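Here is a short report on a single chain, to be read with the model at hand.

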Amino acid sequence: MIVREAKLKNGTGEQYSALDEAIQTAQFIRNKAVRFWMDNEKVGKANLYTLCKDLAKEFPFAQKLNSAARQASVERAWAAISSFYTRCKQGAKKKGFPKFKKHCRSVEYKVSGWKLSEDCMSINFTLWFGNWNSISILQQ
């Protein structure tokens with residue numbers, strides 16, 4: 001698997017604003033998934049994916065984010081929950097209860113919703129906030 005990380009470089013105010021909105025939406029979905037797990041019994045990964053779909057229907061801003069990016073946020077929440085369960089089974093003293101994120105600074109696109117340019121210096125987003133679809137990146 002190839003992992004690419006990028007930062008917005010020399011973007012417009014609209015691009016930075018749209019990126020912040022996408023990051024906040026991903027954080028919102030992750031936190032809602034953790035809250036749903038806390039409030040309900042016997043919640044599994046499938047239940048969280050259903051919640052993700054329901055959140056997109058309920059909140060218009062959540063629907064603007066690509067479905068794969070929304071699901072990646074749910075997967076992050078599930079990773080924290082399953083790690084907690086693993087530490088409980090192992091009898092660890094510090095179990096690391098899943099926490100809400102308030103300083104999250106990333107949004108994850110896995111397969112769909114983007115395309116890397118030929119020179120690998122810009123990403124074209126197919127589904128995104130705002131009315132622009134290309135940003136220049138600084139590769140990490």
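Beyond its neighbours within four places in sequence, A33 is in contact with L48, L51 and A77. This is a predicted model.

**The nonpolar cores**

A33 belongs to the largest nonpolar core, a set of 15 residues. Among the residues with the most contacts inside this core are A33, I29 and W37. L48, V74 and I81 are also on that list. Three helices each supply at least two residues of the core: α1 (13-39), α2 (45-58) and α4 (67-90). The biggest share comes from α4, which gives five residues. A second core is separate and has nine residues, including A22, I23, L65 and V107. In soluble globular proteins, nonpolar side chains tend to be buried together.

**Overall layout**

The chain has four helices and four strands. Of the 140 residues, 36% count as buried. Take the contacts between residues at least 6 apart in sequence: 61% of them join residues at least 24 apart. The accessible surface of the chain comes to about 9200 Å². Carbon and sulfur atoms account for 52% of that surface.

Is R30 buried or exposed? R30 counts as buried because its relative accessible area is 8%, under the 20% cut-off. N31 is also buried, at 15% relative accessibility.

Leaving aside neighbours within four places in sequence, R30 is in contact with S73, R76, A77, A80, K99, F100 and K101. F100 sits in the loop between α4 and β2 (114-116). F100 is partly exposed, with a relative accessible area of 39%.

**The salt bridge**

How many salt bridges does a search of the whole structure find? It finds one. The partners are D39 and R35, whose closest N and O atoms are 3.3 Å apart. Side chains of opposite charge can pair when their charged atoms come close. D39 is exposed, at 52% relative accessible area. R35 is partly exposed, at 38% relative accessibility.

**Past the end of α1**

K42 lies in the loop between α1 and α2. K42 is exposed, with 81% relative accessibility.

The residues whose accessibility was discussed are set out below.

| Residue | Relative accessible area | Class |
|---|---|---|
| R30 | 8% | buried |
| N31 | 15% | buried |
| R35 | 38% | partly exposed |
| F100 | 39% | partly exposed |
| D39 | 52% | exposed |
| K42 | 81% | exposed |

**Confidence**

The mean pLDDT of the chain is 81. Of its residues, 83% reach 70 or more. Which elements mark the two ends of the range? Helix α2 has the highest mean pLDDT, at 94. Strand β4 (residues 134-139) has the lowest, at 50. Where pLDDT is low, the predicted coordinates should not be read in detail.

Methods: Residues are numbered from 1 along each chain as its sequence is written. This is a predicted model: local features need pLDDT of at least 70, side-chain atom pairs count only at pLDDT 80 or more; totals for chains, interfaces and linings use all residues. Side-chain values use heavy atoms; hydrogens and water are left out. A nonpolar core is a set of buried Ala, Val, Leu, Ile, Met, Phe, Trp, Tyr and Cys residues joined through side-chain atoms within 4.5 Å. Buried means under 20% relative accessible area, exposed over 50%, partly exposed in between (1.4 Å probe, protein chains only). Contact means heavy atoms within 4.5 Å. Accessible areas come from the Shrake-Rupley method with a 1.4 Å probe; for residues, only the protein chains shown count as cover. A salt bridge is a side-chain nitrogen of Lys or Arg within 4 Å of a carboxyl oxygen of Asp or Glu. pLDDT is the predictor's confidence in each residue, from 0 to 100.
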